[in-house]
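This report describes one protein model, moving from individual side-chain pairs to the sheet and then to the protein as a whole. Please consult the sequence and the structure shown here while reading.

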Amino acid sequence: MKLPKLLQNKIDNRINNNALRTLKKQSILVDFASNDYLGFSKNENIFHKAHELLIQKKATQNGATGSRLLSGNHFLYEETESFIAQFHQSESALIFNSGYDANIGLFSSVPQRNDIVLYDEFSHASIRDGIQMSLAKSYKFKHNDLNDLEKLLQRFENKLSEIYIVTESVFSMDGDSPDILKLANLSEKHNALLIIDEAHSLGVFGDKGQGLVQELTLQDKVFARIMTFGKGLGCHGAAILGSKKLKEYLINFSRSFIYTTALPPHSIATILIAYQELEKNQEKIKKLQENSLFFNQNISSIFNSTNYNSSIKSIIISGNERVKNASIYLNNKGFDVKPILSPTVSEGQERLRFCLHSYNSKEEIKEALLSLEKHLINT
């Protein structure tokens with residue numbers, strides 16, 4: 001059966017722009033593509049300990065059987081949410097099925113009609129989708145531009161409504177961060193509520209991988225934090241951190257929490273064991289941070305690149321065809337480095353996105369960068 005004409009036109013436009021998304025098989029190349037920053041997704045100790053915990057707790061069922069408000073609130077949830085809250089120095093934690101679900105659930109239900117949401121223009125799609133589903137008025141501010149944000153805060157601070165400031169502690173394209181201390185001070189000055197997505201910060205920043213907010217000891221200045229488990233923890237799901245009152249509110253009004261089957265016991269056991277592993281795995285966190293520094297120190301002067309302290313590095317190579325060819329070249333050299341194409345990023349900002357891991361060797365990093373340098377010189 002044919003697609004409707006407008007849908008086919010959209011596909012054709014992607015093909016014509018050399019930007020069609022396709023599903024690829026798992027790679028056996030040197031991993032510079034996945035979000036598995038600490039290698040936890042392949043950690044056999046986590047796998048076996050989660051299995052042992054399920055046997056010990058007699059929680060060997062395959063599914064949750066329903067939403068958490070019906071039959072799916074198995075006892076591992078309470079233990080895991082309690083551990084997460086303690087680990088992140090938060091009053092409470094509420095687990096969602098994914099980071100997308102958490103952001104949709106938070107932003108669609110918390111900001112109310114006539115409230116104001118001020119969000120960084122580079123905020124993740126899940127944040128923007130959730131904001132669009134709310135009844136609040138929303139305005140974007142220039143990326144990491146706190147002067148632009150303050151102009152908006154001054155514009156709206158006299159209104160009889162709540163103001164929410166929304167950003168990420170690490171942005172997924174360039175690996176850059178806002179000045180969270182100044183953000184916290186701005187939110188206090190203008191009586192706004194600060195919300196920070198820490199998806200790419202968990203497992204990367206902090207002495208135990210708690211995230212950038214806790215590394216800066218600003219957890220008490222933030223209204224809500226979103227922790228996503230599919231990256232630094234190497235498993236699945238997410239949690240919203242905040243007050244007990246916020247958790248109570250989300251349980252009652254967050255539709256992506258209320259109207260979905262809960263995660264099964266195995267997923268929750270894996271989250272708990274992964275957090276316990278993170279708490280004692282400073283060595284891997286340190287290795288990850290060393291790799292980030294080593295990458296920055298070995299960037300060629302011919303690269304138009306980012307060199308922040310996170311695990312994400314971007315090298316701008318304008319044009320979908322050019323960046324795809326660079327990716328193919330590196331693949332052929334044995335390195336899995338993904339191209340980021342327009343319209344995912346603005347035209348002219350196409351880039352190779354390197355994700356670093358604790359298990360990458362310095363030799364692999366150096367060889368990948370030298371290979372890319374050689375390719376760009378010869379093309």
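Lys245 and Glu248 join their side chains in a salt bridge, with 3.7 Å from N to O; a salt bridge here is a side-chain nitrogen of Lys or Arg within 4 Å of a carboxyl oxygen of Asp or Glu. Both residues belong to helix α9 (residues 244–253), where three residues, about one turn of the helix, separate them. Helices (H or I, at least four residues) and strands (E, at least two) are DSSP runs, numbered from the N terminus. Lys245 is exposed at 64% relative accessibility, whereas Glu248, at 45%, is partly exposed. In these terms, buried means under 20% relative accessible area, exposed means over 50%, and partly exposed lies in between (1.4 Å probe, protein chains only).

The model is a predicted one, in which local features need pLDDT of at least 70 and side-chain atom pairs count only at pLDDT 80 or more, while totals for chains, interfaces and linings use all residues. Residues are numbered from 1 along each chain as its sequence is written, and side-chain values use heavy atoms, with hydrogens and water left out.

**Salt bridges**

Across the whole structure, a search finds nine salt bridges. Side chains of opposite charge can pair when their charged atoms come close.

**The seven-stranded sheet**

Strands of a sheet pair through backbone hydrogen bonds, either parallel or antiparallel. In this model, seven strands make up an open sheet with mixed pairing, in the order β2-β8-β7-β6-β5-β3-β4; two strands pair if DSSP finds at least two bridges between them. The edges are taken by β2 (92–96) and β4 (137–141), each of which has a single partner strand, so one side of each is left without a neighbour in the sheet. From one strand to the next, the twist averages 20°. Angles run from 0 to 180 degrees between N-to-C directions, and axes are lines fitted to C-alpha atoms, for helices over the stretch in contact.

Within the sheet, β5 (residues 163–168) and β6 (residues 193–197) pair in the parallel sense over five bridges. Ile195 in β6 is the bridge partner of Val166. Helix α4 (residues 99–109) packs on the sheet and touches β2, β5, β6, β7 (224–228) and β8 (238–242), its direction making about 160° with that of β7. Helix α6 (residues 146–156) lies across β3 (116–120), β4 and β5, and runs at about 150° to β4.

**Two loop residues**

Gly66 is located in the loop between α2 (44–56) and α3 (76–87), and at 10% relative accessibility Gly66 is buried. Beyond its neighbours within four places in sequence, Gly66 is in contact (heavy atoms within 4.5 Å) with Ser71, Gly72, Thr261 and Ala262. Ile55 is 11 residues from Gly66 along the chain, and their C-alpha atoms are separated by 21 Å.

Ser311 occupies the loop between β9 (304–305) and β10 (312–316), and is buried with a relative accessible area of 2%. Not counting residues up to four places away in sequence, Ser311 touches Tyr37, Val204, Leu288, Phe354, Cys355 and Leu356.

**The protein as a whole**

The protein has 14 helices and 13 strands. Its radius of gyration is 21 Å, close to the 21 Å given by the globule rule for 379 residues, so the protein is as compact as a globular protein of that length. The radius is taken over C-alpha atoms, and the rule is 2.2 Å times the number of residues to the power 0.38. Buried residues make up 53% of the 379 residues.
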